[in-house]
Amino acid sequence: MDQNKTIIFIDQLFESIRKDYTANTLTEDKLLANPMEQFYSWLEEAYDAGLPEPNAFSLATSDQGNQPNLRTVLLKAIQEDKLIFFSNYDSQKAKEIANNNKVSLLFFWPQLERQVRIQATIEKTPVEISETYFESRPFVSRLGALASKQSTKIESRQIIEDQMRELERKSLIKKVTRPDYWGGYQITPFYYEFWQGRRSRLHDRLVFELKDKNWETYRLSP
């Protein structure tokens, strides 16, 4: 190691960044019986607290070389034990999902000092769900799905803006229908970790893990 290299510790650079977590606790007696119920309860609290984009989560996939890739997407529906979001089926994430249907998710609500880690399998939703959601989207969002060939290289922003203007012109005489390359994904979790920040970094970490079609619960050391 080069001894001349300077290490900058973030706690020293930004003196006020370190905080102790005191907002809440998560004990076994508070935990709901079903992980989806527990997840929805926390999601609802995040919404009620006025958090920006409480339904945003990080989605991790991996490519053929086992390189993980991470991006933020928006949860758009919950159906029984499934979490649903929508995307371009020709995107990088879609290609990685087609190659490996195991994904990881992270919901992080810092104002509530909470996060939920999820491991799951993923597959496309039935077409009817994609159709129903696409029709419910704002007009410009539907056009955006048509204008963008997600994850492909483009020479400039002008290209996508020109494409959008042309679609707006055409849409005056033609209905905007869902393209085949756009639709939903449904995520089926088999592992949830509910993390609640606590004092002195002794955080609460309670897990639901699916074993033989039953949910096993246990606590992890912080």
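User: Let's begin with I10: is I10 buried, exposed or partly exposed?
Analyst: I10 counts as partly exposed, because its relative accessibility is 44%; buried means under 20% relative accessible area, exposed over 50%, and partly exposed in between (1.4 Å probe, protein chains only). Before we go on, this is a predicted model: local features need pLDDT of at least 70, side-chain atom pairs count only at pLDDT 80 or more, and totals for chains, interfaces and linings use all residues. Residues are numbered from 1 along each chain as its sequence is written, and side-chain values use heavy atoms, with hydrogens and water left out.

User: Thanks! Where does I10 sit?
Analyst: I10 is in helix α1, residues 10–13. Helices (H or I, at least four residues) and strands (E, at least two) are DSSP runs, numbered from the N terminus.

User: And how many helices and strands are there in the protein?
Analyst: There are 6 helices and 9 strands. The C-alpha trace spans about 60 × 55 × 40 Å along its principal axes, and buried residues make up 37% of the 222 residues.

User: Switching to salt bridges: how many does a search of the whole structure find?
Analyst: The search finds 14, a salt bridge being a side-chain nitrogen of Lys or Arg within 4 Å of a carboxyl oxygen of Asp or Glu.

User: What does E193 pair with?
Analyst: E193 forms a salt bridge with R117 at 2.6 Å, N to O. E193 lies in strand β7 and R117 in strand β6 (residues 114–124), so this pair ties together parts that are 76 residues apart in sequence. E193 also forms a salt bridge with R205, at 2.8 Å, N to O. R205 lies in strand β8, so that pair ties together parts 12 residues apart in sequence.

User: Is E193 buried or exposed?
Analyst: E193 is buried, with a relative accessible area of 2%, while R117 is partly exposed at 33%.

User: Which salt bridge does D81 make?
Analyst: D81 pairs with K82, and their closest N and O atoms are 3.9 Å apart. D81 is partly exposed at 38% relative accessibility, whereas K82 counts as buried at 18%.

User: New topic: which residues lie nearest the centre of the largest pocket?
Analyst: Those are F86, S87, R137, Q150 and W182, out of 16 lining residues. On a 1 Å grid over the protein atoms alone, a pocket is an open set of points where a 1.4 Å probe fits, with protein on both sides within 12 Å along at least five of seven lines; lining residues have an atom within 4 Å of a point.

User: Which elements supply at least two residues of that lining?
Analyst: β2 (68–74), β4 (82–88) and α5 (139–147) each do.

User: What about E53?
Analyst: E53 has a positive phi too, near 45°. E53 is found in the loop between α2 (35–48) and β1 (56–62).

User: Last one: how many residues apart in sequence are S171 and W215?
Analyst: S171 and W215 are 44 residues apart in sequence and 49 Å apart in space, C-alpha to C-alpha. S171 lies in helix α6, residues 157–171, and S171 counts as buried at 14% relative accessibility.
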